[in-house]
Amino acid sequence: MDSRSTPDMYVPDPLGPGFEQRHLPQPPDYEGPVRAVLVRQQPLPAASRAVLYVHGFNDYFFQREMAEQYAAHGFRFYALDLRKYGRALLPHQRPNNVRDLAEYFSDLDAALTVIRQEGAREVVLSGHSTGGLIAALYAHSRPAAGLAALVLNSPFLDLNQPRLKKLAVPLLTKLGAVWPNIPVPAGLPDTYGQSLHRAYRGHWDYDLAWKPNRVFAVNAGWLRAIRKAHQQVRRGLQIAAPILVLHSDRTAWGRAWSDDFRRSDIVLNVAHIRKLAPRLGPHVTAHAVAGGLHDLFLSVPEVRAEAYRAVFGWLEKVLPADTGASAI
């Protein structure tokens, strides 16, 4: 993180040429000072459309290719590192520590304010996994935000630990209301990280301090926040904007490495996503991407290409023609 960054100034981003970042300070919470960090790709295209991408759990924004794809299709590209993640993580904070997912809404409010100040009139909100869950809750809670569409990449709509969910989660969720800092096992092996990073069995390079193979610890307060959000989804959100829900065509599981992990979701159960996606709103399109990883846009090249075709083909159908250019 560049210490020179101020709330009204962009500075170079660690991603290198073409990317810059800006701090979005937020009011202090139960751990102290808080910030989010907005990343944008430069130069901004002369377009009135923009996309804001929100990362998942144990994650941050590093996908240069995603930004390039959106820019090639006429979108200004922005990404948000939420509070206590990646670029936004402060020394006194526990990574991803949250007690209600609505805590992230002010981060999104601040980012969308900047994006619109910089000339965007149509904004697509995109989220991966936990970021997809947060994006959906935000769109439901902030109808006045005027989002043009949502693109959700393997959204985290339910837990994928059947025994934990049945036996321990109800108790831990209740305890989280009183003792939020009680440690909770995340239940995720390091095989997903192995499938991604080029130092192991994958092809991607990213900061393992911000996205470690052995995921950050979670607590009962985090679990309670997630389960409250899952309950909201089960009741139905009725988001008015059109929604594209992308997911792999199959799920795999195991703690010992298998080559099957290169072409399946080994984090979430895709059956849960298929079942719950229609509860997000009346205009949901679900699309299975054959051979996709949990983060579809980190899959092998031909699978990523199919995922991008699905996104931009769908956006072309649901968004009106972009007739006005905008520049700052």
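Guide: Strand E7 (residues 149-153) is largely enclosed by the rest of the structure, because 5 of its 5 residues are buried. Buried means under 20% relative accessible area, exposed over 50%, and partly exposed in between (1.4 Å probe, protein chains only). Helices (H or I, at least four residues) and strands (E, at least two) are DSSP runs, numbered from the N terminus. This is a predicted model, in which local features need pLDDT of at least 70 and side-chain atom pairs count only at pLDDT 80 or more, while totals for chains, interfaces and linings use all residues. Residues are numbered from 1 along each chain as its sequence is written, and side-chain values use heavy atoms, with hydrogens and water left out.

In a regular strand the side chains alternate between the two faces of the sheet. In E7, Ala149, Val151 and Asn153 point one way, whereas Leu150 and Leu152 point the other way.

E7 pairs with strand E6 (residues 122-128) in the parallel sense over 5 bridges; two strands pair if DSSP finds at least two bridges between them. Within this pairing, Val124 stands opposite Ala149. From E6 the chain passes through helix H3 (residues 130-141) to E7 in a right-handed β-α-β crossover, that is, with the strands pointing away from the viewer, the path from the first strand over the helix to the second runs clockwise.

E7 also runs parallel to strand E10 (residues 243-248), joined to it by 4 bridges. Here Leu152 stands opposite Val245.
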